[in-house]
Amino acid sequence: MGPLPDTSSVLPVREYLLVALTAAVVTFLLVGLVRALAFRVGAVAYPRQRDVHVKPMPRMGGLAMYGGVLGGMLLAHQLPVLRAAFDFSYDPWAVMVGGGVIVLVGVLDDRFELDSLTKLAGQVTSAGILVLFGLQWLVFWIPWGPGDGQGSLLVLDQNQGALLTVLLAVTMVNAMNFVDGLDGLAAGIGLIAAVATCAFCIGVLAKNGGDVGSYPPALIAATLAGACLGFLPHNFNPARIFMGDSGSMLIGLMLAAAVTSASGKLNYRSIDGSGQSIETVDMLGLLSPLLLVAAVLFVPMLDLLMAVVRRTRRGESPFSADKMHLHHRLLEIGHSQRRAVLLIYLWAGVLAFGTVSLTLFDATVVGWCLAAGLLIALLVSVVPRLRELRRA
């Protein structure tokens with residue numbers, strides 16, 4: 001291998017865009033083949049009482065998305081700047097291997113409908129692969145601690161970091177799985193979350209002066225964004241194919257991987273040599289990985305928590321199915337399928353991009369804009385109910 005190019009102070013935005021576009025095109029082209037394969041092997045979703053679709057629909061769309069991710073990653077490996085992401089980190093390899101395992105588990109579930117424990121075992125295995133490749137949480141900044149009030153670092157050992165990484169990944173995987181209930185919903189939320197995560201990671205890259213060690217998280221997010229974008233035209237209402245568990249679980253795993261990878265790239269500068277006190281130039285910036293996780297997961301996690309509480313109060317398993325998810329409630333109050341999906345896009349976009357903007361721009365201005373965006377989303381969501389009250 002020849003000498004590596006000088007990548008200091010480089011922000012390869014165009015290369016990230018090319019990778020995302022490649023992932024989108026590959027995914028878009030593979031969907032037709034995967035659709036035919038799904039019908040051939042019997043990976044078909046037949047309408048059930050809780051479902052919204054009314055005709056048999058092929059699943060396994062996640063297989064096409066994974067193909068797009070691989071296409072984007074392989075292109076990045078050949079690009080003059082982004083190939084450094086593979087030379088200085090195992091994070092991209094972790095995503096490709098772990099993503100392959102979780103897509104395999106999802107494909108088997110799309111065909112044979114695995115039980116919840118088997119799926120959980122597959123999710124933990126995939127998250128464990130990320131850890132084995134060295135992709136895990138190792139340090140947190142917390143706004144309290146000894147000394148001058150500048151906060152301190154909470155350093156995790158490898159076991160604690162591995163446990164936290166697996167927990168985060170499995171939570172994200174199941175949250176995305178729960179929210180996948182309307183045409184284009186999971187793909188759109190995945191696209192919004194991936195673009196917001198990529199923007200955050202590029203911001204981290206800029207703050208680190210183009211350090212090549214900060215390339216992987218943005219690369220992971222860019223390939224995921226491309227895969228979701230390429231799948232969405234086939235999946236938006238009226239859908240021609242479902243992504244199935246193979247797709248929704250891949251989205252959750254890659255989002256967890258991107259945020260976890262970015263968390264290790266923040267510049268924690270010790271001012272006393274002890275590793276405990278740091279220069280808190282930007283508190284939001286130091287808390288940003290946790291804030292980003294909360295923003296990306298807010299809509300699917302809210303749906304997940306409400307489902308668990310609702311089902312356990314009825315004495316049922318948390319994994320039992322019902323027709324009371326957020327998207328079902330939006331349909332009940334009078335929104336069409338498309339409008340319900342677009343509304344959830346709006347909520348997810350306001351939260352995700354608002355949180356990323358807080359770490360990049362003036363917090364006061366962004367805070368007001370975020371509040372206005374949330375208010376608009378709330379008003380638009382309740383319009384059908386207000387119309388009913390006016391008629392009454």
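**Surface, helix contacts and backbone features of the predicted chain**

Leu29 is exposed, with a relative accessible area of 58%; exposed means over 50%, buried under 20%, and partly exposed in between, with a 1.4 Å probe and protein chains only. The structure is a predicted model, in which local features need pLDDT of at least 70, side-chain atom pairs count only at pLDDT 80 or more, and totals for chains, interfaces and linings use all residues. Residues are numbered from 1 along each chain as its sequence is written, and side-chain values use heavy atoms, with hydrogens and water left out.

Leu29 is placed in helix 1 (residues 13-41). Together with Leu21, Val25 and Phe28, Leu29 forms a nonpolar surface patch with about 390 Å² of accessible area. Patches are made of residues with over 30% relative accessible area and no salt bridge, with nonpolar side chains (Val, Leu, Ile, Met, Phe, Trp, Tyr) joined within 5 Å and like charges within 9 Å. Accessible areas come from the Shrake-Rupley method with a 1.4 Å probe, and for residues only the protein chains shown count as cover.

The chain has 14 helices and four strands; these are DSSP runs numbered from the N terminus, helices being H or I of at least four residues and strands E of at least two. Of its 392 residues, 54% are buried. The accessible surface is about 17500 Å², and carbon and sulfur atoms account for 66% of that area. Among contacts (heavy atoms within 4.5 Å) between residues at least 6 apart in sequence, 75% join residues at least 24 apart.

Val41, also in helix 1, is partly exposed at 35% relative accessibility. Leaving out residues up to four places away in sequence, Val41 touches Met60 and Arg111. Val41 and Arg111 are 70 residues apart along the chain, and their C-alpha atoms are separated by 7.5 Å.

Asp110 lies in helix 4 (residues 91-112). This residue is buried yet has no salt bridge, and the nearest side chain of opposite charge, Arg59, is 4.6 Å away. A salt bridge requires a side-chain nitrogen of Lys or Arg within 4 Å of a carboxyl oxygen of Asp or Glu; Lys and Arg count as positive and Asp and Glu as negative, while His and the chain ends are not counted. The side chains of Asp110 and Ser246 form a polar contact of 2.9 Å. A polar contact is a pair of N or O atoms within 3.5 Å; within protein, one must be able to donate a hydrogen and the other to accept it, and residues adjacent in sequence count only if both atoms are side-chain atoms. Beyond four places in sequence, the contacts of Asp110 include Ala43, Met60 and Met243.

Most residues other than glycine have a negative phi, and most peptide bonds are trans. Met60 has a positive phi of about 70 degrees. Met60 lies in the loop between strand 2 (57-58) and helix 2 (61-78) and is buried, with a relative accessible area of 3%. Glu113 has a positive phi of about 55 degrees; this residue is in the loop between helix 4 and helix 5 (116-132) and is exposed at 53% relative accessibility. A cis peptide bond, with omega about 0 degrees, joins Asn237 and Pro238. Pro238 is in the loop between helix 8 (215-235) and helix 9 (244-263).
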